[in-house]
Amino acid sequence: MLSLVVLGAWVLVPTLGTFIDQRQKIAALEASVKVSEDQIASLVAERERWNDPVYITTQARERLYYVKPGEVVYLIDNDLDPAALPREQEPVSDTIVEKPTDWMPQLLRTIVSTGLSDTAAVAP
């Protein structure tokens, strides 16, 4: 009896592993099909929008700045988001503060980096 159970397990375990592997592949392929169907639906909707003459006119006006004959268009140059605008400058102090700077090492670094650079200016 025990040998029959062992023989049955020995036969069924590889088959069960194959079954589980195939089910996982089927689930992955079904998910891929679902994603493809969603992409197709969005492309069909976009194609339908482009079949509408009003949408085409709107896109031409917004993207390419096309106008109808006789129309006057006003373009606003500074329509920036207020968050993108630079902050107000802080007040400048009346006191003069002298900061000690050592210009010699900076000069040497500049000369050395210029001498070691790979690019050279072409003489005219």
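In helix H1, lysine 25 and aspartate 21 are four residues apart and are therefore separated by about one helical turn. The side chains of lysine 25 and aspartate 21 meet in a salt bridge with an N to O distance of 3.8 Å, a salt bridge being a side-chain nitrogen of Lys or Arg within 4 Å of a carboxyl oxygen of Asp or Glu. Lysine 25 is exposed at 52% relative accessibility, whereas aspartate 21 is partly exposed at 35%. For these classes, buried denotes under 20% relative accessible area, exposed over 50%, and partly exposed the range in between, with a 1.4 Å probe and protein chains only.

The model is predicted: local features require pLDDT of at least 70 and side-chain atom pairs count only at pLDDT 80 or more, while totals for chains, interfaces and linings use all residues. Residues are numbered from 1 along each chain as its sequence is written, and side-chain values use heavy atoms, with hydrogens and water left out.

Three salt bridges are found in a search of the whole structure. Side chains of opposite charge can pair when their charged atoms come close. A further bridge joins the side chains of aspartate 38 and lysine 34, with 3.5 Å from N to O. Aspartate 38 and lysine 34 also lie in helix H1, four residues apart, which means a separation of about one helical turn. Both residues are partly exposed, aspartate 38 with a relative accessible area of 42% and lysine 34 at 48%. Another bridge is formed by glutamate 71 and arginine 61, whose closest N and O atoms are 3.0 Å apart. This pair links distant parts of the chain, as glutamate 71 is in the loop between H2 and H3 and arginine 61 is in helix H2, 10 residues apart. Glutamate 71 is partly exposed at 35% relative accessibility, and arginine 61 is partly exposed at 32%.

Helix H2 comprises 12 residues, which should span 16 Å at 1.5 Å a residue; the end C-alpha atoms of H2 are 16 Å apart, in agreement with this value. The expected span is defined as 1.5 Å times one less than the number of residues in the helix. H2 is followed by tyrosine 65, whose phi is positive. The phi value of tyrosine 65, a residue other than glycine, is near 60°. Tyrosine 65 belongs to the loop between helix H2 (53–64) and helix H3 (103–116), and is exposed, with a relative accessible area of 56%.

One aromatic pair is found in a search of the whole structure. The ring centres of tryptophan 50 and tyrosine 55 are 5.1 Å apart and the ring planes stand at 85°, so the pair is edge-to-face. Under the criterion applied, rings of Phe, Tyr and Trp (its six-membered ring) pair if their centres lie within 6.5 Å, and planes under 30 degrees apart count as stacked, over 60 as edge-to-face and the rest as tilted. Tryptophan 50 is partly exposed at 32% relative accessibility, and tyrosine 55 is partly exposed with a relative accessible area of 21%.

A nonpolar surface patch is formed by Met1, Leu4, Leu7, Trp10, Val11 and Leu12, which together have about 760 Å² of accessible area. Patches consist of residues with over 30% relative accessible area and no salt bridge, like charges being joined within 9 Å and nonpolar side chains (Val, Leu, Ile, Met, Phe, Trp, Tyr) within 5 Å. Valine 11 lies in helix H1 (residues 2–50) and is partly exposed at 45% relative accessibility.

At the level of the whole chain, three helices and zero strands are present, in the sequence pattern α-α-α. The radius of gyration is 36 Å, whereas a compact globule of 124 residues would have one near 14 Å; the radius is taken over C-alpha atoms, and the globule rule is 2.2 Å times the number of residues to the power 0.38. Along the principal axes, the C-alpha atoms fill a box of roughly 100 × 65 × 45 Å. Buried residues account for 2% of the 124 residues.

Definitions and conventions:
Helix = DSSP H or I, 4+ residues; strand = E, 2+ residues; numbered from the N terminus. Areas by Shrake-Rupley, 256 points an atom, 1.4 Å probe, with all protein chains shown as cover.
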